[in-house]
Amino acid sequence: MQRLRYWPLVALTALGAGPAAAEYGLNFPQPAAPVAQEIYDIHMLTMQIATVLLVIVFAFIIYSLYFHRKSRGYQADQNFHKTWFGNWSWVIVPGLVLGVDLTIAGSAQKVLERIWVVPEDQELLDVKVVGHQWWWEFQYLDHDLTVESRYVPKEESGDLYLRAVDNALVLPTNKRIRFLHTSADVNHAFWVPELGFKKDAIPGYVTETWAEIDREGTFTGQCAELCGTWHSRMPIVVQAVSQEEFGRWVDDQKAMKLAAVAEASSDKVWSKEELMEKGRDKYNTICAACHQVTGLGLPPAFPGLKGSAIATGPIPAHLDIVLNGKEGTAMQAWNSLNDLDIAAIVTYERNAWDNNTGDVIQPADVRAAR
Ligand SMILES: [Cu+2]
């Protein structure tokens with residue numbers, strides 16, 4: 001029994017896979033929206049039908065293997081095809097199978113239509129979801145609020161690497177939400193299993209889906225369309241909260257945005273330490289996707305900033321490439337960031353990773369360079 005020797009190995013491998021797969025149960029995650037529940041129910045119905053069919057077919061096979069085996073001297077019936085059943089089984093059995101298929105397809109079609117058509121019989125919360133290489137932008141159109149959501153680098157997310165984001169998509173429960181999907185660059189796809197659907201984000205098009213979340217919780221999804229080098233770095237985290245809490249969150253976000261704008265445009269002179277700390281945070285969430293937390297980049301696609309000619313050379317050239325980007329490369333213009341953020345990031349880049357230029361850039365310098 002040579003083969004038996006490998007069993008402990010197989011068992012160990014399976015055990016080892018356990019912790020890694022701890023997040024995955026045996027079944028799909030519990031749905032958090034009615035349509036998702038309907039999809040889940042179809043899945044369960046299909047699995048039940050498949051299980052019954054499996055038992056029947058296996059019963060036949062096992063029975064035949066045992067009772068009709070050669071060593072028993074079983075003589076095959078030479079005239080089965082001439083009997084009534086032998087003649088008609090070729091029609092009846094596929095007919096039954098087709099009937100089962102159409103039953104499943106019928107309910108699936110109804111659910112598909114429910115996903116496609118956004119019901120407009122009650123007030124909707126509109127959320128525009130824009131895919132970017134490689135982050136998500138969520139615009140709460142009714143609240144004049146935009147949230148940028150980026151993955152958290154491995155150094156800070158630990159076990160939640162590629163599952164955690166800096167800013168979650170906060171949504172109210174028991175409120176019909178219409179998602180408007182589009183993309184700023186290439187195709188992406190919005191996919192949160194608990195909400196039940198997957199929808200392509202296509203540049204130049206706006207498509208709709210909807211959900212009404214029926215329980216509070218945190219639901220994690222992913223970009224589901226291969227969108228380039230860091231497709232894997234586009235997790236989606238939905239945080240479903242009560243409507244009251246959602247209202248408070250919106251107010252808080254707006255207050256924070258206002259405070260940030262006021263802070264960035266004030267004439268305050270910042271200390272190097274303050275700028276370095278702010279800059280590290282911003283750099284790690286926004287720039288490290290390409291230039292890496294270590295500042296080493298991933299040459300040749302993404303240059304390192306540690307010791308780079310620009311990050312240690314004249315300040316105007318450094319500010320210029322950050323504010324205006326470099327056409328024809330993945331280095332976009334970051335002029336939508338405020339003066340303080342850019343001052344902090346540039347100060348950080350010029351002093352981190354042994355760049356040690358000692359330069360301190362103030363928001364006023366950035367304003368002058370725009
Ligand atoms: Cu993507």
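**Helix packing and sheet arrangement in the predicted model**

In helix α8, His318, Leu319, Val322 and Leu323 meet Ile342, Ile345, Val346 and Arg350 of helix α9, contact being assigned where C-beta atoms, placed from the backbone, lie within 7 Å. The residues of this contact comprise 6 nonpolar, 1 polar and 1 charged (Ala, Val, Leu, Ile, Met, Phe, Trp, Tyr, Cys and Pro count as nonpolar, Asp, Glu, Lys and Arg as charged, and the others, Gly among them, as polar). The model is predicted: local features require pLDDT of at least 70 and side-chain atom pairs pLDDT 80 or more, whereas totals for chains, interfaces and linings use all residues. Residue numbers start from 1 along each chain as its sequence is written.

The axes of α8 (residues 315–324) and α9 (residues 339–351) come within 11 Å and cross at roughly 130° (axes are lines fitted to C-alpha atoms, for helices over the stretch in contact, and angles run from 0 to 180 degrees between N-to-C directions). The two helices, α8 and α9, are therefore oblique to each other (under 35 degrees is roughly parallel, over 145 roughly antiparallel, 65 to 115 roughly perpendicular and the rest oblique).

An open sheet of 5 strands has the order β3-β2-β1-β5-β8, with mixed pairing (helices, H or I, of at least four residues and strands, E, of at least two are DSSP runs, numbered from the N terminus; strands pair if DSSP finds at least two bridges between them). At the edges stand β3 (145–149) and β8 (207–212), each with a single partner strand, so one side of each lacks a neighbour in the sheet. Strand β2 (residues 135–140) runs antiparallel to β3 and is joined to it by 5 bridges; glutamine 139 has threonine 146 in β3 as its bridge partner.

Note on methods
Two residues are in contact if their C-beta atoms, placed from the backbone, lie within 7 Å.
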